[in-house]
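Hello,

Here is the structure I promised to pass on to you. Open it beside this message, and then read on for what I found in it.

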Amino acid sequence: MTEKNSIDLIQRYGADPARWPEDMRETALQILAAHPDAAHQEAALDAALHSAQAPMPSDLLRARILREAKTTAQDIPTALTNYGMAANDRVKSPFKINATKWGAVAATLIICGALGFQALSPAAVTTPVDDAIWQEAAADLGLTDLYGWVEGTDTESSTRNEAGG
Amino acid sequence: MRRTGHTDPDSDIIPRLRAGDEHALAQLMDRHLATIKALCFRMLGDEALSEDVTQTVFLKTWQMAPNWIPGKAKLRTWMCRVATHQCLDILRKKSPHFTDDVPDMADNTPNADTNLITRERSEDVSRAIAKLPDTQRAALTLCYYQELSQREASEILGVSEKAYESLLSRARNTLRGTLDPKLLKIEAA
């Protein structure tokens, strides 16, 4: 890194080393120690930027968000139909319907049945975290028997037998 | 403090958001409501509009939470991306709505005169930032106020790191030329 590069660096990011790219920080610090004026000028601009504080959110905003969340349906997890695609990748759920989370669980189970459930192995397409969420959702609906059917066992008694009961 | 590293500070909240826990949403707001709103305000210059966009960001986060895969990105970075894109979309569709009326901030300190000067200085700087081109303003906001890394900010803006650095340079150069030199000297004192 040259002296010019170091000066360019602080003219881009300011005088605070915490904002500099990590891989350049140490070298830049050493070079700029010899050029305090450049750092001083940028520190002045940094201080001006710091003075421009944005207004805090209103209390009403927080209440609005919580109120709207109560009537905003969460997306149906796409693990069983499109494994690996995440909302992080800006996947648009094709199932944006006005349904409750539990309605979404029921809808997906119906789809699994229509596709021929025997061909599906939940263990192959779900992660342990997804399995836990499905378990919880099914249990809350009182769908233990149905979930047992989904897993490949028919009844609670079958489940107990397989468990060695 | 610049946020670096790969661990997501919100990893404790994400499973509860996925499960539809509204308390988790409240906790997420405790952590990020102010910074997301500040990002939107600096981009849009309008408090009511910035709160609308902030609401949209949190509701989108709530909505997509069941499909969030941990480890691919930090939740806060994703939220900043949604907010930035939403703001840039709004700015593209309409003329910028920047007013000279910066909302008053509460002043409970005894040094009212000093605080008045500080407030005026803040307004001058806010106005100068508001006049930057949208992408320069976005770059400056993500770097300086959101304290995102070079990689995170350039990904949010959808540009190369070099292009992001160019935006930063131009933003700071413009501000140096726009701001009253006395303002910068006073700040440096």
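**What I found**

Let me begin with one cysteine: B:Cys80 is buried, with a relative accessible area of 0%. Please keep in mind throughout that this is a predicted model.

**The cysteines**

How many disulfides does the structure hold? Over all chains, the count is zero. Two cysteines of chain B show why. The cysteine sulfur closest to that of B:Cys80 belongs to B:Cys40, and the 8.9 Å between them is too far for a bond. B:Cys87 is also buried, at 0% relative accessibility. Its closest cysteine sulfur is again in B:Cys40, at 3.9 Å, which is still too far for a bond, because a disulfide needs the two sulfur atoms within 2.5 Å.

**Chain B as a whole**

Chain B has nine helices and zero strands, so if you walk along its sequence you will read α-α-α-α-α-α-α-α-α. Of its 189 residues, 51% are buried. Now take the contacts in chain B with a separation of 6 or more: 65% of them are between residues 24 or more positions apart.

**The nonpolar cores**

In soluble globular proteins, nonpolar side chains tend to be buried together. Here, the largest nonpolar core has 53 residues, and B:Leu17 and B:Phe58 are the ones with the most contacts inside it.

**Where the two chains meet**

How many residues does each chain bring to the contact? Chain A gives 57 residues and chain B gives 61 residues. About 5,300 Å² of area is buried between chain A and chain B, and carbon and sulfur atoms give 56% of that.

There are charged and polar pairs here too. Nine salt bridges are found across the interface of chain A and chain B. One to look up is the salt bridge between A:Lys70 and B:Glu22, whose closest N and O atoms are 2.8 Å apart. Between the chains, 27 residue pairs are in polar contact. On the side of chain A that touches chain B, at least two residues each come from α1 (3-13), α2 (22-32), α3 (36-51), α4 (59-70) and α7 (128-140) of chain A. Of that side, α3(A) supplies the largest share, with 11 residues.

Next, find helix α7 of chain B, residues 150-157. Six of its eight residues are buried, so this helix is largely enclosed by the rest of the structure. Which residues of α7(B) are buried? They are B:Gln150, B:Glu152, B:Ala153, B:Ser154, B:Ile156 and B:Leu157. These buried residues pack against α4 (75-93), α6 (134-145) and α8 (161-178) of chain B, together with α1 of chain A. Just after α7(B) comes B:Gly158, which takes a positive phi of about 70 degrees.

B:Thr77 is buried, with a relative accessible area of 12%. Not counting residues up to four places away in sequence, B:Thr77 touches B:Leu148, B:Glu152 and B:Ile156.

B:Ser50 lies in helix α3 of chain B, residues 47-64. Is B:Ser50 buried or exposed? B:Ser50 is buried, and its relative accessible area is 0%. A polar atom of its side chain lies 2.7 Å from the backbone oxygen of B:Glu47. Beyond residues up to four places away in sequence, B:Ser50 touches B:Lys37, B:Cys40, B:Phe41 and B:Leu44.

B:Thr7 belongs to the segment before α1 (14-18) of chain B. With a relative accessible area of 65%, B:Thr7 is exposed. B:Thr7 and B:Ala73 are 66 residues apart in sequence, while their C-alpha atoms are 8.9 Å apart in space.

Enjoy exploring!

Best wishes

Key: Residues are numbered from 1 along each chain as its sequence is written. Chains are lettered from A and ligands numbered from 1 in the order in which they are written. This is a predicted model: local features need pLDDT of at least 70, side-chain atom pairs count only at pLDDT 80 or more; totals for chains, interfaces and linings use all residues. Side-chain values use heavy atoms; hydrogens and water are left out. Buried means under 20% relative accessible area, exposed over 50%, partly exposed in between (1.4 Å probe, protein chains only). A nonpolar core is a set of buried Ala, Val, Leu, Ile, Met, Phe, Trp, Tyr and Cys residues joined through side-chain atoms within 4.5 Å. Contact means heavy atoms within 4.5 Å. Buried area is the accessible area (1.4 Å probe) that two parts lose on being put together, summed over both. A salt bridge is a side-chain nitrogen of Lys or Arg within 4 Å of a carboxyl oxygen of Asp or Glu. A polar contact is a pair of N or O atoms within 3.5 Å; within protein, one must be able to donate a hydrogen and the other to accept it, and residues adjacent in sequence count only if both atoms are side-chain atoms. Helices (H or I, at least four residues) and strands (E, at least two) are DSSP runs, numbered from the N terminus.
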